[in-house]
Amino acid sequence: MKNAILIVDDEADVLSAIKRSLLEEDYEIHTAHSGMEGLSVLMGNAVKLVISDEKMPEMSGSDFLFEIKKLYPATIRIMLTG
């Protein structure tokens with residue numbers, strides 16, 4: 001089974017660029033456009049690593065990663081912000 005990565009950003013171009021940079025690696029890549037969508041993805045998949053933007057509508061990246069820490073403490077969390 002491949003290790004799964006979740007990339008969360010409200011900008012489609014950023015999601016696409018990060019996903020493209022990881023395609024040659026042996027990862028299962030999931031994407032989401034918001035923190036709420038990201039939490040839904042996590043419920044159905046064994047994600048090992050989450051990469052999130054900070055500034056997103058509905059839920060900030062900090063709040064999103066805090067929720068992941070509570071619900072999935074073993075998941076590695078990284079915040080990227082520009």
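Here is a short chat about the strands and helices of a predicted model.

Visitor: Which kind of model is this, and what is its mean pLDDT?
Guide: It's a predicted model. The mean pLDDT of the protein chain is 93, and 99% of its residues reach 70 or more.

Visitor: Which element has the lowest mean pLDDT, and which the highest?
Guide: Helix α1, residues 12–22, has the lowest at 92, while α3 has the highest at 97.

Visitor: Okay, on to the sheet. In what order do the strands sit?
Guide: The order is β2-β1-β3-β4, four strands in an open sheet with parallel pairing.

Visitor: Which ones are the edge strands?
Guide: Those are β2 (27–32) and β4 (76–79), and each of them pairs on one side only. From one strand to the next, the twist averages 20°.

Visitor: How do strands of a sheet pair, anyway?
Guide: They pair through backbone hydrogen bonds, either parallel or antiparallel.

Visitor: And how many bridges join β3 to β4?
Guide: Four bridges, with β3 (residues 47–52) and β4 running parallel.

Visitor: Switching to helices: which strands does α2 lie across?
Guide: α2 lies across β1 (3–8), β2 and β3, and it runs at about 145° to β2.

Visitor: What about α3?
Guide: α3 lies across β1, β3 and β4, running at about 175° to β4.

Visitor: At what angle do α2 and α3 cross?
Guide: Roughly 25°, and the axes of α2 (residues 35–44) and α3 (residues 61–71) come within 10 Å. Angles under 35 degrees count as roughly parallel, so α2 and α3 are roughly parallel to each other.

Visitor: Is that crossing left-handed or right-handed?
Guide: α2 passes α3 in a right-handed crossing.

Visitor: Which residues meet there?
Guide: On the α2 side you've got Gly 35, Gly 38, Leu 39 and Leu 42, and they meet Phe 64, Glu 67, Ile 68 and Leu 71 in α3. By class, that contact has five nonpolar, two polar and one charged residues.

Note on methods. Residues numbered from 1 in each chain as written. Predicted model: local features only at pLDDT ≥ 70, side-chain atom pairs only at ≥ 80, totals over all residues. Heavy atoms only, no water. Axes fitted to C-alpha atoms, helices over the stretch in contact; angles between N-to-C directions. Helix = DSSP H or I, 4+ residues; strand = E, 2+ residues; numbered from the N terminus. Parallel < 35°, antiparallel > 145°, perpendicular 65-115°, else oblique. Left-handed = near helix turned anticlockwise from the far one by under 90°. Contact = heavy atoms within 4.5 Å. Nonpolar A, V, L, I, M, F, W, Y, C, P; charged D, E, K, R; others polar. Pairing = 2+ DSSP bridges. pLDDT = per-residue confidence, 0-100.
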